[in-house]
Amino acid sequence: MTEAPIIRVRGLVTRFGTQTVHDGLDLDVRRGEIIGIVGGSGTGKSVLLHTIVGLLMPEAGTIEVFGESVRDTDAATTRALRRRWGVMFQDGALFSSLTVRQNVEAPMREQLDLPADLRETLAAIKVRMVGLPEAAMTQYPAELSGGMRKRAGFARAIALDPEIVFLDEPTAGLDPVGAAAFDALIGQLQAAFGLTVFLVTHDLDSLNAICDRIAVLADHKVLAVGTMEEMLRIEHPWVQAYFHGPRARAADRGTRTASPDMAH
Amino acid sequence: MTGPALLSAAPAAAHLTATGDRLCLTGALTIEAVARLVRSDATAPAPAAAVIDVAALTAMDTAGAWWIVTLQDRHAGATIASATVEQTQLIATVRRTMTATDPVPPVPHDIAAWLAGIGKRVVAGVRTAGAIVSFLGQVVATCAGLCLHPRRLRLTALVHHCDQVGMRAVPIVALMAFLIGVVLAFQGSAQLRQFGAEVFVVDLIAISVLRELGILLTAIIVAGRSGSAFTAAIGAMKMREEIDAMRTLGLDPVAVLVVPRVLALMLMLPALGFIADLSGLLGGALMAWIDLGVSPAVFQSRLLSNTDVWHFAVGMIKAPVFALIIGIIGCHMGLTVGGDAESLGQHTSGSVVLSIFLVIVMDALFSIFFATVGV
């Protein structure tokens, strides 16, 4: 028997004015998987993420997370739902007036009634878990580099040990080494917590390295869902261009040879 | 696997029982349970245990793993029994991240640090003053360059800012000055009536509005309204690296952003001050008529015969200087905004406070100057 999906989107319609972003979009995310959402610019990847977490109101369709509808529930259920997922925005979206540790403490402070020293201890564990140096704890977001901000944003997203984390382009703007380290981090923490990861990305290396399944957004819908191998066989101009383009071949080669950059 | 979890079904909270040298944990050891256990720590079993049995745990999160590690440490290295692979992994990860790998030396809190803090602030204040003066010089030099090459002046931007800081401020400035005129007439009449000198209320209103209040209060309103807008607009551009982009394209931010704003203020503040003068006299005349029965004709003739035109000129001379202060401070604060939203807010409020303060200081200096030259 297959388990009910942890996220279930049916017939989603999103519009901004006259511009249609999603038209009858369906998507299932299984518990414990890392699903990568890809698509060209403007196909509504981030919009889909924002809609699922309830930041945008769709025109039509149902969205269920943990079997509960996100669209029409009372405030208490919504609050309980938010406790069970974490969101990391593109540039971390850290609160600029708080230090990194206070940022990680913020969800604990809002959602739970914890003694202050326990909160600090747990926040420090999360900050170290994402691989930030000790000095970063008391620094403000403006003092951090882009990669460190992303790590701190990730630490805040997993502050309450959520069951799902939504990551919006976690490796965009990182150098390849930093991006690979971030991929490894996502994979490690996913294994440690049994997380379900909803990953919006452009990064073929990420898709290749950590994603269990890939969903392609095109023509206002989810065009296809499947593993990397299945994606390679799909006959759609954009999917072909994306998974068979020069960058894709480079990413594919990277998995087979030890150091492609060194090859002459 | 819990299947499609129900939000309403709260799992049984964790419970700790001691049997012999065996500590048994049951229930869901999640963050809420840990918070409860930490609070009621006084009742924790004292005798040393050799084994911590986690077989009956239904759930464990990071906080739970942390609590098990601290429990283990308190019982001097008791072994953890019946943990699943995932639980063992999580406990190991938490144990590894519990202690700082590269401890940061604590910041000293003594009198030396306190004095150093004061010193730093003083130096920063002096540096800011120096930076503002050098920025003023830069703006003046750019303006001089524009005089030599007038076609480089951004006329569209200048007109746009004149509209923003001038035209759109007319209603609020006129209303403010009108009310000031009314208040002066009302308060003045109450005092002057005591010795039958009601008619001197005209002189009182004319001199105070024309010479001081009209232009000073206009400058304060403009500092709050346009100075803050300059800082916020330029600061937001700085945050989005637009200023850096301009520099790489060979555009001078001072010529493009600062000069049109400062020139617009210097052109419009005298105009606004003139409107404030008229409006203040109107308010004063109206109140004098209602309250004291000084008819508009009497007010007019007394105003023309008794008030020196220099009172008006003093006000107008001050206007461009106040405009320069507001514009320079507003733009300079905008250009020194750092990378975050917090800094933008601080600079915007700092800009308003500093420009209003300097306008009042400058007004005092003008008073001394005009008193010395005798006008």
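In the unreviewed UniProt entry, the annotation "transmembrane region" is given for residues 129–148, 169–186, 213–234, 254–275, 319–339 and 351–373 of chain B. The model examined here is predicted. Residues 213–234 of chain B are 100% helix and 0% strand, with the end C-alpha atoms 30 Å apart. For residues 351–373 of chain B, the composition is 100% helix and 0% strand, and the end C-alpha atoms are separated by 32 Å.

Over all chains, the structure contains 9 aromatic pairs. One of them is formed by A:F154 and A:F182, whose ring centres lie 5.7 Å apart; the planes meet at 40 degrees, so the pair is classed as tilted. This pair connects distant parts of the chain, since A:F154 belongs to helix α5 (residues 146–157) of chain A and A:F182 to helix α6 (residues 176–193) of chain A, 28 residues apart. Both A:F154 and A:F182 are buried. The rings of A:F166 and A:F198 are also tilted, because their planes stand at 55 degrees, with centres 5.3 Å apart. Here the link is between strand β7 (residues 164–168) of chain A, which holds A:F166, and strand β8 (residues 196–200) of chain A, which holds A:F198; the two residues are 32 apart. A:F166 and A:F198 are both buried. In chain B, one aromatic cluster is made up of B:F322, B:F366, B:F369 and B:F370.

Two arginine side chains are placed over phenylalanine rings. The charged end of B:R302 sits over the ring of B:F200, at 4.8 Å from the ring centre. In chain A, the ring of A:F66 has the charged end of A:R84 over it, 3.9 Å from its centre. A:R84 lies in the loop between α2 (75–83) and β6 (85–88) of chain A. The relative accessibility of A:R84 is 12%, under the 20% limit, and the residue therefore counts as buried. The side chain of A:R84 also makes a polar contact of 2.8 Å with the side chain of A:E163.

Helix α6(A) has 18 residues, which at 1.5 Å a residue should span 26 Å; the end C-alpha atoms are 26 Å apart, in agreement. The N-terminal end of α6(A) is capped by A:D175, a side-chain oxygen of which lies 3.0 Å from the backbone nitrogen of A:V177. Buried residues of α6(A) include A:A179, A:F182, A:D183, A:L185, A:I186 and A:L189. After α6(A) comes A:G194, with a positive phi near 65 degrees.

Strand β9 (residues 213–218) of chain A is mostly covered, with 6 of its 6 residues buried. A:R213, A:A215 and A:L217 point one way from β9(A), whereas A:I214, A:V216 and A:A218 point the other way, and all are buried. Strand β3 (residues 34–39) of chain A runs parallel to β9(A) and is joined to it by 5 bridges. Within this pairing, A:I37 has A:A215 in β9(A) as its bridge partner. The pairing of β9(A) with strand β10 (residues 221–226) of chain A is antiparallel and also comprises 5 bridges. A:V216 stands opposite A:A224 of β10(A). A hairpin is formed by β9(A) and β10(A), with 2 residues between them; in the turn, A:D219 has a positive phi of about 50 degrees.

Terms used. Residues are numbered from 1 along each chain as its sequence is written. Chains are lettered from A and ligands numbered from 1 in the order in which they are written. This is a predicted model: local features need pLDDT of at least 70, side-chain atom pairs count only at pLDDT 80 or more; totals for chains, interfaces and linings use all residues. Side-chain values use heavy atoms; hydrogens and water are left out. UniProt positions are given in the numbering used here, feature names are shortened, and annotations may be inferred rather than shown by experiment. Helices (H or I, at least four residues) and strands (E, at least two) are DSSP runs, numbered from the N terminus. Buried means under 20% relative accessible area, exposed over 50%, partly exposed in between (1.4 Å probe, protein chains only). A polar contact is a pair of N or O atoms within 3.5 Å; within protein, one must be able to donate a hydrogen and the other to accept it, and residues adjacent in sequence count only if both atoms are side-chain atoms. Rings of Phe, Tyr and Trp (its six-membered ring) pair if their centres lie within 6.5 Å; planes under 30 degrees apart count as stacked, over 60 as edge-to-face and the rest as tilted. A charge sits over a ring if NZ of Lys or CZ of Arg is within 6 Å of the ring centre and within 35 degrees of the ring normal. The expected span of a helix is 1.5 Å times one less than its number of residues. Two strands pair if DSSP finds at least two bridges between them.
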